[in-house]
Amino acid sequence: MDYNDDAQLDTSGVQDARGGGGGFGGRGVAFGGGGLGVVGLVAYLLISYLGGGGGGAATSVLGQLGQNGQPATVDNSSIKSECKTGADADAKLECAVVADIDSIQDYWTRELPAVGQTYEPVPTVWFTGQVTTGCGSADSGAGPFYCPADKRVYIDLSFYNDIESQFKAAGGKFVDAYVLAHEYGHHVQDLLGIENKVRSRQGATSDSVRLELQADCFAGVWAKHATEPGPNGEPAIVSSIDEQDFTNALQVAGHIGDDWIQKNLGNGQVNQKSFTHGSGAQREKWLRTGYRTGDPKQCDTFSAADLG
């Protein structure tokens, strides 16, 4: 995946709470893996997303964020100075993430009015180590997640290293963007009231699985439209997505399926009764469905008799 060199980046979609600016560099520089790992990812996301809509934890707001036991400070000065154009996005990981967020939110801003819903932009919070959110506390091992209680996406950028080191899948700029597009898919679900449909939280056909597969499909829909010009003919932020980019994303989707995780990072046994995100094959199917059709209406996993 490449970005248009002259595209102007808007860094207001990021809240950099890493402390010390995080430091720029190439892929993998100064980013460690670890934490709870992918097992923590599955458990945490189920608790935070499905349980984050109320109660005391939901009263947290950005001003109460903390990491490593310290109050959080948002400092966007580094990304504002370094991430100005698509050329910067091609050169630096942080700037690529900014470009991805801009592209994803631009698409949903254009798309949602067609179904009678105004899109509400939300920031992605970059953190290191630990973070406190409206859905509770998490460490880096939780992986990226969306919290409906405070309407923010959270990510420790070291997760992009985990894709290769833990998930044993190919990384790359489009894979990174898919991860974020999935989380913004959850925000779209929140705006549309789909999250309220969630009743069953485990099992191969549970509402939790349907929620996650739909977010994959929404990510594919964004990707289908990512290179299209804007409403006034302005060039898209993303200039190209090639076949290998999408192949890599499909591999990642397969490796973050419950069955792959249980077999390779759990006890080696696959238990469909404990599924929360769907099998690898299902995740591949719905990502592919979104990309093939480019139509959010084709992502109705809650009505689908066969999830794949």
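**Disulfides, nonpolar cores and helix packing**

The torsion about the S-S bond of Cys 217 and Cys 299 is about -70 degrees, so this disulfide is left-handed. The pair links distant parts of the chain, with Cys 217 in helix α7 (residues 207-225) and Cys 299 in the segment after α10 (280-293), 82 residues apart. In the structure, which is a predicted model, the sulfur atoms of Cys 217 and Cys 299 are placed 2.0 Å from each other. Cys 217 counts as buried, at 0% relative accessibility, and Cys 299 is likewise buried, with a relative accessible area of 0%.

A search of the whole structure finds three disulfides. When the bonded cysteines are counted along the chain, the disulfides follow the pattern 1-2, 3-4, 5-6. A disulfide is a covalent bond between the sulfur atoms of two cysteines.

Another of these bonds joins Cys 83 to Cys 95, with an S to S distance of 2.1 Å. Cys 83 is located in the loop between α2 (77-82) and α3 (86-91), whereas Cys 95 belongs to helix α4 (residues 93-111), so the pair ties together parts that are twelve residues apart in sequence. The link of Cys 83 and Cys 95 is left-handed, with -75 degrees about the S-S bond. Both Cys 83 and Cys 95 are buried.

A disulfide is also found between Cys 135 and Cys 147, where the S to S distance is 2.2 Å. This pair links distant parts of the chain: Cys 135 is in the loop between β6 (130-133) and β7 (136-139), and Cys 147 is in strand β8 (residues 145-147), twelve residues apart. The link of Cys 135 and Cys 147 is right-handed, with 100 degrees about the S-S bond. Cys 135 has a relative accessible area of 11%; because residues under 20% are classed as buried, Cys 135 is buried. Cys 147 also counts as buried, at 0% relative accessibility.

The largest nonpolar core contains 65 residues, of which Tyr 160 and Trp 222 touch the most other members. At least two residues of this core are supplied by each of α4, β9 (152-155), α5 (159-165), α6 (173-192), α7, α8 (243-255) and α10. Leaving aside residues up to four places away in sequence, Trp 222 touches Ser 103, Ile 104, Tyr 107, Phe 174, Ala 177, Ala 181 and Val 238.

Two packed helices are described by the angle between their axes and the distance between the axes. For α6 and α8, the angle is about 50 degrees and the axes are 8 Å apart. The two helices α6 and α8 are therefore oblique to each other, and α6 passes α8 in a right-handed crossing. On the α6 side, the residues that meet α8 are Phe 174, Val 175 and Tyr 178. Their partners in α8 are Asp 245, Phe 246, Asn 248, Ala 249, Val 252 and Ala 253. Phe 174, which takes part in this helix contact, is also one of the residues touched by Trp 222.

Terms used. Residues numbered from 1 in each chain as written. Predicted model: local features only at pLDDT ≥ 70, side-chain atom pairs only at ≥ 80, totals over all residues. Heavy atoms only, no water. Disulfide = S-S within 2.5 Å. Helix = DSSP H or I, 4+ residues; strand = E, 2+ residues; numbered from the N terminus. Buried < 20%, exposed > 50% of the residue type's maximum accessible area, 1.4 Å probe, protein only. Core = buried A, V, L, I, M, F, W, Y, C linked by side-chain atoms within 4.5 Å. Contact = heavy atoms within 4.5 Å. Axes fitted to C-alpha atoms, helices over the stretch in contact; angles between N-to-C directions. Parallel < 35°, antiparallel > 145°, perpendicular 65-115°, else oblique. Left-handed = near helix turned anticlockwise from the far one by under 90°.
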